[in-house]
Amino acid sequence: IALGDGVHGGVRGRSPRTNATDHLGQRCVINLDVKKFFPNIRHYIVYRMFRQDLGFGRDVARLLTRLTTYDGQVPQGAPTSTAIANVLLSVPVDGPVTKRAKSLEVRYTRFVDDVTFSGSNPRPLINLVGRTLSKRRLPMYRPKKNWSSKPKFKITPRSEPQEVTGLLVNARKGPSVSRQRRDKVRATIFALRKFGGGGNAEKAVRSIRGKILHVRQFNPGSAKRLQRGLDAALNQVSSAPR
């Protein structure tokens, strides 16, 4: 089964960045997610996929199902799980949703179970995504009055921060790391400078360096400032009396 252009998770040459780039500078961005995605992909769903979608015989389908499931479900984090998810959703979800999105001049992408569509009026796709996911017995999150701190269903206009796979997409020039995320890195550096790292200093520094590298991909100016702050913190910690 060939994966569509809108599939970015687990595909060589694609990443959260390419997924976010498809939605730059749009009037409205809608983010959807599947409830307990991997646990809800039961072994019998995988077996039917191998039999019906891929045309394998019963014995081969049983063997492949045993190799790619654990305790009756697709295990999150296994090297085969993202591929299983992509094949499982390709025909019943990506196919009809992509076709409908093109007719509406709406952009559609999927990063594993994170579904995003954007444009002038992407709302008509919400119910279609719900119906197509139900064909695989997969429920999606629905909007609620009382939002959690990280809602799984978001409709975001251009006037508010639009985020796709962890990156802001409001600007047409390219995705960026949100100020909130950059401030968290800055706060961690400040804590290191003020209190030292204790026994976990080395681990904390490695974590900060990794986050700065991530910021550098999208906000090089901010990354330079964060790096200067980290260097100053390390010099202060190293020169502090013991």
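First, the ground rules. The model is predicted, so local features need pLDDT of at least 70 and side-chain atom pairs pLDDT 80 or more, while totals for chains, interfaces and linings use all residues. Residues are numbered from 1 along each chain as its sequence is written, and side-chain values use heavy atoms, with hydrogens and water left out.

Start with the sheet. Helices (H or I, at least four residues) and strands (E, at least two) are DSSP runs, numbered from the N terminus. Strands pair if DSSP finds at least two bridges between them. Four strands form an open sheet, in the order β2-β3-β1-β4, and the pairing is antiparallel. β2 (107-111) and β4 (154-157) each have a single partner strand, so one side of each has no neighbour in the sheet. On average, neighbouring strands are turned by 15° against each other, direction ignored. Angles run from 0 to 180 degrees between N-to-C directions, with axes fitted to C-alpha atoms, for helices over the stretch in contact.

Look at β2 and β3 (residues 114-119). They pair in the antiparallel sense over five bridges. Tyr 108 stands opposite Phe 117 in β3.

Thr 156 sits in it. Buried or exposed, Thr 156? Buried, at 9% relative accessibility. The cut-offs: buried is under 20% relative accessible area, exposed over 50%, partly exposed in between, with a 1.4 Å probe and protein chains only. Leaving out residues up to four places away in sequence, Thr 156 touches Arg 27, Cys 28, Val 29, Pro 161 and Gln 162. Contact means heavy atoms within 4.5 Å.

What lies across the sheet strands β1 (28-33), β3 and β4? Helix α6 (residues 125-134), running at about 155° to β3.

Next, helix α7, residues 179-195. Its 17 residues reach 24 Å from first C-alpha to last, close to the 24 Å expected at 1.5 Å a residue. That expected span is 1.5 Å times one less than the number of residues. Buried here are Arg 182, Val 185, Ile 189 and Leu 192. They cover an arc of only 75° around the axis, which puts them on the same side of α7. The arc is taken over directions from the helix axis to the C-beta atoms. On the other side, the exposed residues are Arg 179, Gln 180, Lys 184, Phe 190, Lys 194 and Phe 195.

Last, aromatics. Rings of Phe, Tyr and Trp (its six-membered ring) pair with centres within 6.5 Å; planes under 30 degrees apart are stacked, over 60 edge-to-face, the rest tilted. The count is two aromatic pairs. Phe 37 and Phe 38 have ring centres 5.0 Å apart and planes at 65°, so this pair is edge-to-face. Phe 37 is buried at 4% relative accessibility. Phe 38 is buried too, at 10%.
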